[in-house]
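Trainee: I would like to learn how to read the surroundings of a ligand and the pockets of a protein. Could we go through an example together?

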Amino acid sequence: MTDWDGELNHARLHVVSGKGGTGKTTVAAALALALATGGHKVLLIEVEGRQGIAQLFDTAPLPYAEEWIAAAPGGGELRALAIDAEAALLEYLSMFYNLGFAGRTLRKMGAIEFATTLAPGLRDVLFTGKIKECVGRTDERGRYVYDAVVVDAPPTGRVVKFLDVTRAMADLAKVGPIRDHSDGVVRLLHSSDTAVHLVTLLEELPVRETLEAVAELDAADLRPGGVVCNRVRPNRLPARSVAAAASGRVDAERVRAGLATAGLQVDDETLDGLVHEAVEHAIRTQTEDDARAQLADTDLPTVSLPDLTGIDVAELYELAEILYEHGIRSPR
Ligand SMILES: Nc1ncnc2c1ncn2[C@@H]1O[C@H](COP(=O)(O)OP(=O)(O)OP(=O)(O)O)[C@@H](O)[C@H]1O
Ligand SMILES: [Mg+2]
């Protein structure tokens with residue numbers, strides 16, 4: 001498998017996608033902690049409006065503000081932001097027009113609701129616009145406020161549409177300041193400052209979706225970053241026994257003898273159960289090996305995270321440490 005090479009560590013915007021339920025939110029949070037490790041300042045952004053980050057870190061729901069959420073090892077700092085479509089629209093428009101009163105009127109008229117629910121692509125344009133603002137923000141000395149920004153993005157089926165602001169803008173604004181701003185967003189998303197990572201399980205469906213997403217990203221000229229194989233479980237069978245065991249060929253008497261050598265006497269029922277488990281385990285191992293081989297064909301850097309029993313804040317730090325040890329860093 002390709003390593004997480006130096007090039008990906010130049011990215012300042014990390015977009016985390018993947019099939020639903022594979023661990024996008026968990027991995028985005030762990031990645032953000034890894035990037036903050038060693039004294040960096042990182043922002044973790046949520047766009048789905050489900051307060052997954054707050055739940056994960058066991059804190060109150062996030063307001064539309066960049067809030068401190070966790071300390072990273074070595075003095076790093078993690079902030080989090082849940083982007084809200086309505087607040088983002090008002091903020092976005094006020095960048096170009098003086099809105100005070102108009103903003104209140106817009107709200108009353110339900111224009112916001114109209115714009116955010118009906119105008120195709122507008123929501124995504126607002127969100128990516130806000131993300132770009134966070135990535136590009138500098139302090140009074142001209143240094144970036146955040147060393148890296150991580151986005152807990154929509155699932156694979158929707159992520160390209162989400163990031164493909166160019167197409168959305170074709171319907172929305174052809175000229176003017178909003179158009180100029182969007183051109184900046186498009187430049188960022190298609191540059192080497194941005195990497196779109198894909199979280200997967202070593203199972204057939206998520207891997208298929210991952211491969212499809214890589215092709216879709218390539219076609220849209222967006223850069224696939226790394227593949228994160230989540231919830232990987234250890235393989236307990238020697239490689240040479242896997243194929244035989246997976247096709248049901250397990251020598252029960254040898255298992256019994258082996259257990260007896262270890263001082264364990266088992267009845268037939270227990271032995272049957274153990275043989276059955278070995279077969280299941282072998283089948284899973286084979287599926288995982290196939291999945292790994294398919295992912296290796298993409299030539300993308302890959303990192304594996306273990307299946308932990310439940311994810312709490314401590315486990316997030318554990319996953320972050322694995323990513324950090326794998327060489328994942330914020331750009332200097
Ligand atoms: N490495 C892991 N070990 C054990 N459990 C995990 C691991 N990663 C994620 N989980 C668990 O899997 C479930 C789904 O994870 P998560 O919410 O991060 O996925 P998601 O892709 O963001 O889901 P959704 O598509 O609903 O947003 C959660 O219960 C989470 O705690
Ligand atoms: Mg999620």
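Trainee: Which element gives the largest share of the shell around ligand 1?

Mentor: Helices (H or I, at least four residues) and strands (E, at least two) are DSSP runs, numbered from the N terminus. Here the largest share of the shell, three residues, comes from α1. This is a predicted model, in which local features need pLDDT of at least 70 and side-chain atom pairs count only at pLDDT 80 or more, while totals for chains, interfaces and linings use all residues. Residues are numbered from 1 along each chain as its sequence is written, chains are lettered from A and ligands numbered from 1 in the order in which they are written, and side-chain values use heavy atoms, with hydrogens and water left out.

Trainee: Which residues come nearest to ligand 1?

Mentor: A residue is near a molecule if one of its heavy atoms lies within 4 Å of it. Around ligand 1 there are 14 residues, of which Lys24, Thr25, Thr26, Arg50 and Leu308 come nearest.

Trainee: In which pocket does ligand 1 sit?

Mentor: On a 1 Å grid over the protein atoms alone, a pocket is an open set of points where a 1.4 Å probe fits, with protein on both sides within 12 Å along at least five of seven lines, and lining residues have an atom within 4 Å of a point. A molecule sits in a pocket if more than half of its atoms lie within 2 Å of its grid points. Ligand 1 sits in the second largest pocket.

Trainee: How much space lies in the second largest pocket?

Mentor: A volume is the space filled by probe spheres set on the points, which are joined across faces, edges and corners. The second largest pocket holds about 280 Å³ of space, and among its 17 lining residues Gly21, Thr22, Gly23, Thr26 and Asn230 are the closest to its centre. To this lining α1 gives the most, with three residues.

Trainee: How much space lies in the largest pocket?

Mentor: The largest pocket holds about 570 Å³, and α13 (268-296) is one of the elements that supply at least two residues of its lining.
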